[in-house]
Amino acid sequence: KSDFEIAVVTSGELEAKQSKDIEGPTEMRSLGIWQVKIESLVPEGSVVNKGDFIAELDKTEIATKIKDAESELDKIQSQYEQIRLDTTLTLRQARDDLNNLEFQLKEKQIIVEQSTYEPPATIRQVNLDLEKTKKSMDQMQANYQIKRQQSAAKMQEISASLNQTKNKLQNLMNLMAKFTITAPESGMVIYERDWNGKKKAVGATISAWEPTVATLPDLNTMISKTYVNEVDIRKLKTGQVVDISLDAFPEKKLTGKVTSVANVGEQMPKYDSKVFEVIVQVNEKDTTLRPAMTTGNKIVVGNL
């Protein structure tokens, strides 16, 4: 006779409880780049220091956008210079016309002064010419102000387009520099997994919404993530004791406890039926433990 232990046995995988994401540039979406390929990547498991090289992203698309922005900038700069010259010439001509009309007005005033002793009909005619010249002068001055305002508006519009294109080009250049990804802190590089569980490696893509390339796990606190069949899930609850074994080190015996049991099942590629995610926290700290190691989890659910 002896104690009879009731247990649910399942395989799992080691993960760090906490980790720091190594991400591509988050500004890609604002500049119209939705996804980009990983061109090179340090081997998984590499130990890096803060600022060390991690990955290089494919620069083909952003290089094309930079070239287009440079062409657009050249075009707008040419338009800016043309508008500036046209504005200068137009306003200069308008000022010359205004100055000429001022001379004509002075001449008309002199003629009026000299017509004091002329016949009444002649006096009326020269006064009428003076009034016409004054009205032309007022109208030309008003037109000159309108032309100045129009010219200022055109220059402001083209200047805004020029500055906008310059900023776009500068942002693209800054973004290209971030296509070389470095470590945000020291640690061991672990590849990020896609939604289907496949690790991101060279040739994989990252998107503007999911820019994570790899992670730097905190190896001080490890967990074993496993999936339990829907038939057995009702037996599990948080706090249950777990005996953990490692395929890589069969002689090592670790312990843990259940910290999380999913309420909603999911269909995983390796399983025929629905499974529920179960998180087991490892009690021991061991420098040999590495993320992605396969674990055997013996979850004790009863003891007779």
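In the largest nonpolar core of this predicted model, which comprises 34 residues, Ile54 and Val213 touch the most other members; such a core is a set of buried Ala, Val, Leu, Ile, Met, Phe, Trp, Tyr and Cys residues joined through side-chain atoms within 4.5 Å, where buried means under 20% relative accessible area, exposed over 50% and partly exposed in between (1.4 Å probe, protein chains only). Two or more residues of this core come from each of E3, strand E5 (53-57), helix H1 (60-114), helix H2 (120-177) and E10, and H2 gives the most, with six residues. Helices (H or I, at least four residues) and strands (E, at least two) are DSSP runs, numbered from the N terminus. A second, separate core of 19 residues includes Leu14, Leu236, Leu246 and Phe276.

Residues are numbered from 1 along each chain as its sequence is written. The model being predicted, local features need pLDDT of at least 70 and side-chain atom pairs count only at pLDDT 80 or more, while totals for chains, interfaces and linings use all residues, and side-chain values use heavy atoms, with hydrogens and water left out.

One aromatic pair is present in the structure. The ring centres of tryptophan 34 and tryptophan 209 lie 5.7 Å apart with the planes at 10 degrees, so the pair is stacked (centres within 6.5 Å, using the six-membered ring of Trp; planes under 30 degrees apart are stacked, over 60 edge-to-face and the rest tilted).
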